[in-house]
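Subject: Structure handover and notes

Dear colleague,

Please find the structure below, followed by notes on what was found in it. I would be glad if you could read the notes with the model open beside them.

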Amino acid sequence: MTISGLKGRSLLSLREVSGDEIHELLSKAADLKERTAQGSNPPVLAGKNIALIFLKPSCRTRVSFIVASTQSGAHAEVFGREDIRFGIKESVRDIARVFGRVFDGVMFRGFEHATIAEFAQYAGVPVWNGLCDSYHPTQILADLLTLRENFGDLDGLPLTYVGDGRNTVAVTLAIAAAKVGLDLRILAPRALQPDAGLIRGLLAERESEQARVRVTDSAEEALSGSAAVYGDVWVSMGEEEQTRERIDLLRDLKVTGDLMTLTGRKDTIYLHCLPAFHLLD
């Protein structure tokens, strides 16, 4: 999807693409999905080699990229940190140059956004951000496709995110809202709300007059009329020591049947990017 839709460009953050480009990506993805279901997906990436670098582990990102590459005719190869001794021996630019000489594209799932940006600078081939500490663009593109499949037009579509409003999913949803015109509500306790300056900046650059990003700790205000409710883990990777604190902060914002009824709609759907931790508490 990213190779054909962005014409060989990297995808490090949705901030770097336009709303029109996002819609183009979604249309191409919908077409490929339909072709695959009909058994007629053309091998548009035949002869290409795709590298999947995982400094952070993954289930859904890994299997989806492997299957998508295979269905499109490309060969995908997976690399963990130890496989390429990332951060142990060679520099980021050295490893990027090696991968760029051999592979036609690289999916990079890591930590600091600056590392992925440096890798993309020296690789010389498209690099796609499969998650970093700042953004999660591939996840949100998949979510936008789901929303489009269920509700059609995204412009003005009300969506409520519930949980840690500072994490990569919430921030990337806010970027997407400004690009494609979502009416995004972020429901989070004050201690976990996104930076107000970031939200103001995104809305100042919004590409659709329908774009809204509202941050609140009121469930009634956030859920009213929402077409979709989006949850996420309360504790992101690397923050496990804060588990008890997060449970205390977010306990009253569990997405339950009662909370879902606050939308006042019968067609509201629930989204979760997973993984989910099943805690008996």
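Axes here are lines fitted to C-alpha atoms, for helices over the stretch in contact, and angles run from 0 to 180 degrees between N-to-C directions. Helices (H or I, at least four residues) and strands (E, at least two) are DSSP runs, numbered from the N terminus. This is a predicted model, in which local features need pLDDT of at least 70 and side-chain atom pairs count only at pLDDT 80 or more, while totals for chains, interfaces and linings use all residues. Residues are numbered from 1 along each chain as its sequence is written, and side-chain values use heavy atoms, with hydrogens and water left out.

Helix α7 (residues 137–151) packs with helix α8 (residues 168–180) at an angle of about 55°, their axes being 9 Å apart. The two are therefore oblique to each other, given that angles under 35 degrees count as roughly parallel, over 145 as roughly antiparallel, 65 to 115 as roughly perpendicular and the rest as oblique. The contact (heavy atoms within 4.5 Å) is made by Pro137, Ile140 and Leu144 on the α7 side and by Val169, Thr172, Leu173, Ala176 and Val180 on the α8 side. Of these contact residues, seven are nonpolar, one is polar and none is charged, where Ala, Val, Leu, Ile, Met, Phe, Trp, Tyr, Cys and Pro count as nonpolar, Asp, Glu, Lys and Arg as charged, and the others, Gly among them, as polar.

In helix α6 (residues 113–123), the buried residues are His113, Thr115, Ile116, Phe119, Ala120 and Ala123; buried means under 20% relative accessible area, exposed over 50%, and partly exposed in between (1.4 Å probe, protein chains only). These residues cover an arc of only 160° around the axis, which puts them on the same side of α6, the arc being that of the directions from the helix axis to the C-beta atoms. Ala114 and Gln121, on the other side of α6, are exposed. The cover over the buried residues of α6 includes β1 (49–54), α5 (92–102), β3 (105–109) and β4 (127–131). Glycine 124, which follows α6, has a positive phi, near 80°.

Cysteine 132 lies in the loop between β4 and α7 and counts as buried, at 0% relative accessibility. Leaving aside residues up to four places away in sequence, cysteine 132 touches Gly110, Phe111, Glu112, His113, Ile116 and Thr168.
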